[in-house]
Amino acid sequence: MSTLAALTAALADGSVTVLDLTTPLSGDTPILNLPQPFANTVGLSLSEVSNFDDNGPGWAWNDITVGEHAGTHLDAPVHWITGRDGKSVDAIEPARLVGPAIVIDKSAEVAENPDFVLEPEHFEAWEAEHGPLPANCWVLFRTGWSARGASAETFLNADEQGPHTPGISVAGAQWLAGNASVSGFGVETVGIDAGQAATFDPMFPAHHFLLGADKYGLTSLRNLDQVPVTGATLVVSPLPIVGGTGSPTRALALVENA
Ligand code: MN
């Protein structure tokens, strides 16, 4: 049997399942909210073209308005000044969007400290236990944060010091950006940087180092508690917006059942 025939047979008999890691996209989906004086993006809105009525008696369709960086979305290199000469979302090779998913679970630590950040030692501890990161992998940061997704207030978790959400340190971002096996970094939070990352040096190190090194970001993931630490395959499918800095995306994991 060919490899793909074995895969489709496994999908048919349920020994491999397709897990949706995507946050449903609606006008209520939490989106990033930058402080003044910066401009902000918009979430999803639908504008009806027809709905089985005089404008289209047999069909329904909508126009959509949505920010590139709304809901579960991919960050392309050109999103950041360090990657501005890099790839826009349409230029990302499809092979980079399908690869092994590895999970780093810090949900217990984040429950104690919402400002928890990943450091190089956390990646090194993962590799000591599971081996080197596999080629073309997506590093998924499991934090439990998606459980807050029903409420923008608890999901964004801001006070007078700004948002308090988990992320990655300057050294941690440099470690990931310097690893040739890494295709991208996926998180449960609204953006790939920590809530307090505006106070880091450089600011927003996940964006700064990863997008500057042709690594991609993936945000607002759900169901990471159902993805095994190793062995799943991630499929990311952003729209090929020509010149786009990112795109809302579906993110799926193929998971092999024991
Ligand atoms: Mn983004």
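This is a predicted model: local features need pLDDT of at least 70, side-chain atom pairs count only at pLDDT 80 or more; totals for chains, interfaces and linings use all residues.
Residues are numbered from 1 along each chain as its sequence is written, and side-chain values use heavy atoms, with hydrogens and water left out.

The term buried means under 20% relative accessible area, exposed means over 50%, and partly exposed lies in between, with a 1.4 Å probe and protein chains only.

The largest pocket holds about 920 Å³ of space. Of its 32 lining residues, Leu32, Asn33, Leu34, Pro35 and Phe204 are the closest to the centre. Strand S4 (73-75), helix H4 (152-156) and strand S9 (162-163) each supply at least two residues of the lining. Helices (H or I, at least four residues) and strands (E, at least two) are DSSP runs, numbered from the N terminus. By class, the lining has 16 nonpolar, 14 polar and 2 charged residues. In this scheme Ala, Val, Leu, Ile, Met, Phe, Trp, Tyr, Cys and Pro count as nonpolar, Asp, Glu, Lys and Arg as charged, and the others, Gly among them, as polar.

How many cavities of 30 Å³ or more are there? The count comes to 1, and the largest cavity has a volume of about 60 Å³. Its lining consists of Thr23, Thr29, Pro30, Ser146, Gly149, Phe155, Glu188, Ser220, Leu221 and Arg222. For the method: on a 1 Å grid over the protein atoms alone, a cavity is a set of points where a 1.4 Å probe fits but cannot get out, a pocket is an open set with protein on both sides within 12 Å along at least five of seven lines, and lining residues have an atom within 4 Å of a point. Grid points are joined across faces, edges and corners, and a volume is the space filled by probe spheres set on the points.

Proline 77 lies in the loop between S4 and strand S5 (98-105), and is buried at 2% relative accessible area. Its C-alpha atom is separated by 7.1 Å from that of lysine 215, although the two residues are 138 apart along the chain. Leaving out residues up to four places away in sequence, proline 77 touches Gly83, Arg84, Gly86, Lys87, Leu211, Asp214 and Tyr216; contact means heavy atoms within 4.5 Å.

In soluble globular proteins, nonpolar side chains tend to be buried together. A nonpolar core is a set of buried Ala, Val, Leu, Ile, Met, Phe, Trp, Tyr and Cys residues joined through side-chain atoms within 4.5 Å. The largest here has 25 residues, of which Leu118, Phe123, Leu133, Val139, Ile168, Leu176 and Phe185 touch the most other members. S5, helix H3 (120-130), strand S7 (137-142), helix H5, strand S11 and H6 each supply at least two residues of this core, and the largest share, 4 residues, comes from H5. Apart from it lies another core, of 22 residues, among them Leu97, Tyr216, Val227 and Ala232.

I close with the backbone. A cis peptide bond joins glutamine 36 and proline 37, with omega about 10°. The bond from aspartate 201 to proline 202 is also cis, with omega near 0°, and proline 202 is placed in the loop between S11 and H6. Phenylalanine 204 lies in the loop between S11 and H6 too. This residue has a positive phi of about 45° although it is not a glycine, and phenylalanine 204 is partly exposed at 23%.
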